[in-house]
Amino acid sequence: MELLRGTIDEIKRNIQGYPATVHYAIKANYAPEILTTIAATGLGADLVNGYELQAALDAGFKPSQLAFSGVGKTDWEIKAGLDHDIFCFNVESFPELQNISDIATACGKVANVAIRVNPNINAHTHRYVTTGVAENKFGINLNLLDNIVDMALRLPGIHLRGLHFHIGSQIMTMRPYKLLCGRINELQDHFNAKGIFFEMINAGGGLGVDYDNPDEHPIADFKSFFDVFKANLKLREGQQLHFEFGRSVVAQCGTLLSRVLYVKDNGNKQFVILDAGMTDLIRPALYQSHHQIQNLTSKSERWQNYDVVGPVCESSDVFGRDEQLPVTTRGDLIAIRSAGAYGESMSSRYNMRPLPHHQLI
Ligand SMILES: *Cc1c(COP(=O)(O)O)cnc(C)c1O
């Protein structure tokens, strides 16, 4: 929890004097204690459905700080957002925009909306976490943007506040963000020339963390991130810039702890078989990602290569191949680091396994 607060302090330090508002993306980690801690720091929240909306309200986020994203908002979720007068719906399609307007009109409200733009920028991250190129399901393609902005300005139940972007996740270089700034500048110029001005721009999240060296880099490089926007993005007079960080807020704050069930020697390979598996942390199986693995018990001076695997009945249930660990034996405690984001929140009950539980320190 100390690192979590330190991380949020670092974010706040970097936006001092800059017209930026930061939302925490709840899907990264929605443990109630984490949410209340983040809400208490004054950050807003980014949600992707009505369940997260309720969790955000329960944790103390103010409705005026809630941005609601997602390609598949249902009617009851839209209604809930309207009932609470949330800050903004990030709209991802024409029929969604129409539906929000219809529902808002029916209950005598006007919905605050940002259009999620697919800026066609490759974030150069894993293809499962790239969201801002034309082939992705997210956002409105550039060639359709004029049409949807016109529609938003026409519809009675819609108040168009701005444009929203989110180009991907675990982005480790600043180049995609620089390109994003350029794209936002072009779009603002384009719309301003037509007499259309936006109250706010939402640049999304996606800032990466150092999974290989969590101890050297416990806090993501927020300074470089914000410097790119400060240097490249031309905000209009009075315009507010929003961000939505998930991973970079919580990833380094969590560790998956596991026991070694068996060390299995199959002749040419040694396997460390853990009691934790892909149901507790699916990132390695889903995105071929790697987390640092440490043996907290072994005092051995001898190091050895192991494949570190879980007990789940899938060949992809592997945390690391050819991991260098001190000689490891049954019962050792293993730490899988940087598991605070998209770990517990993506856990499942496959194989009827119980969900992981968390302990706060
Ligand atoms: C998931 C998500 C985020 C957060 O992404 P991170 O990579 O965890 O920072 C931000 N905005 C939207 C719309 C999202 O779907």
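Predicted model: local features only at pLDDT ≥ 70, side-chain atom pairs only at ≥ 80, totals over all residues.
Modeller: A polar contact is a pair of N or O atoms within 3.5 Å.

Biologist: How far does a polar side-chain atom of Ser 169 lie from an oxygen atom of the ligand?

Modeller: The distance is 2.3 Å, which falls within the 3.5 Å limit of a polar contact. For Glu 244, a polar side-chain atom is 2.6 Å from a ligand nitrogen atom. Tyr 342 has a side-chain N or O atom 2.6 Å from an oxygen atom of the ligand.

Biologist: How much of the accessible area of the ligand does the protein cover?

Modeller: On its own the ligand has 390 Å² of accessible area, and the protein covers 94% of it.

Biologist: In which pocket does the ligand sit?

Modeller: A pocket is an open set of grid points, whereas from a cavity the probe cannot get out. Here the ligand sits in the second largest pocket.

Biologist: What, then, lines the largest pocket?

Modeller: Its lining has 36 residues, and those nearest its centre are Thr 255, Leu 256, His 357, His 358 and Gln 359. Helix H1 (2-15) and strand S10 (256-265) are the elements that give two or more residues to this lining. S10 supplies the largest share, four residues. The space in the largest pocket comes to about 1100 Å³. By class, 19 of its lining residues are nonpolar, 10 are polar and seven are charged.

Biologist: How many cavities of 30 Å³ or more does the count give?

Modeller: The count gives one cavity of 30 Å³ or more. The volume of the largest cavity is about 30 Å³.

Biologist: Which helix gives the most to the lining of the largest cavity?

Modeller: Helix H9 (residues 247-250) gives the most, with four residues. The lining includes Arg 247, Ser 248, Val 249 and Val 250, and among its other members are Thr 7, Val 209, Pro 218 and Cys 253. Eight residues of this lining are nonpolar, three are polar and one is charged.

Methods:
Residues numbered from 1 in each chain as written. Heavy atoms only, no water. Polar contact = N/O pair within 3.5 Å; in protein donor to acceptor, adjacent residues only side chain to side chain. Areas by Shrake-Rupley, 256 points an atom, 1.4 Å probe, with all protein chains shown as cover. 1 Å grid on protein atoms, 1.4 Å probe; cavity = no way out; pocket = protein on both sides within 12 Å on 5 of 7 lines; lining within 4 Å. Sits in = over half its atoms within 2 Å of the grid points. Points joined across faces, edges and corners; volume = space filled by probe spheres on them. Nonpolar A, V, L, I, M, F, W, Y, C, P; charged D, E, K, R; others polar.
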